[in-house]
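Here is a quick tour for anyone meeting this structure for the first time. Have a look at the model, then read on.

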Amino acid sequence: MPAKAKGAVPETIRGTVVTQRRRCGKANCRCATDGALHESVVLSYSEHSRTRVVMLPPDEVEAVRAATERYRAAKKRLEEEANAGLAQLVSRLRRR
Ligand SMILES: [Zn+2]
């Protein structure tokens, strides 16, 4: 396995960091008997209209979460800008 590149988490990432709790499926595991489920932090994202998840290594969770928050903020800014642009264009063209 190649050495993990430090600082490899991109500036923006589309998706949501969530904690999944699930049973592993092994009949003799604790999770099948006393109800303590396995927890894993994943990045949930949609691809071709399907929700997919990828497990996050614990040491990358916070960086990935921050990148998804930057994405949401950037998306919101772009939408606001584009809505303002649309309103401006429509109002100019309708005045003619
Ligand atoms: Zn289990």
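Let's start with helix α2: its 34 residues stretch 49 Å from the first C-alpha to the last, close to the 50 Å you'd expect at 1.5 Å a residue. Keep in mind that this is a predicted model. How well covered is α2, given its 34 residues? Hardly at all: the count of buried residues in α2 is 1. As background, an α-helix has 3.6 residues a turn, so residues three or four places apart point the same way.

Now for the strands. The model has an open sheet of 3 strands in the order β1-β2-β3, with antiparallel pairing. β1 and β3 are the edge strands, each pairing on one side only. From one strand to the next, the twist averages 45°. Helix α2, residues 61-94, packs on this sheet and touches β1 and β2. The direction of α2 makes about 130° with that of β1.

How do the strands pair up? Strand β1 covers residues 16-22 and strand β2 covers residues 38-47, and the two are joined in the antiparallel sense over 7 bridges. Strand β3, residues 50-55, runs antiparallel to β2, with 6 bridges joining them. Here are some of the residues that face each other across the strands:

| Residue | Opposite residue | Strand of the opposite residue |
|---|---|---|
| V17 | L43 | β2 |
| S46 | T51 | β3 |

In general, the side chains of a regular strand alternate between the two faces of the sheet.

Finally, is β3 tucked away or in the open? The number of buried residues among its 6 is 0, so β3 lies largely in the open.

Definitions and conventions:
Residues are numbered from 1 along each chain as its sequence is written. This is a predicted model: local features need pLDDT of at least 70, side-chain atom pairs count only at pLDDT 80 or more; totals for chains, interfaces and linings use all residues. Two strands pair if DSSP finds at least two bridges between them. Helices (H or I, at least four residues) and strands (E, at least two) are DSSP runs, numbered from the N terminus. Axes are lines fitted to C-alpha atoms, for helices over the stretch in contact, and angles run from 0 to 180 degrees between N-to-C directions. Two residues are in contact if their C-beta atoms, placed from the backbone, lie within 7 Å. A residue is buried if 20 or more other C-beta atoms lie within 10 Å of its own, exposed if 12 or fewer, and partly exposed in between; C-beta atoms are placed from the backbone. The expected span of a helix is 1.5 Å times one less than its number of residues.
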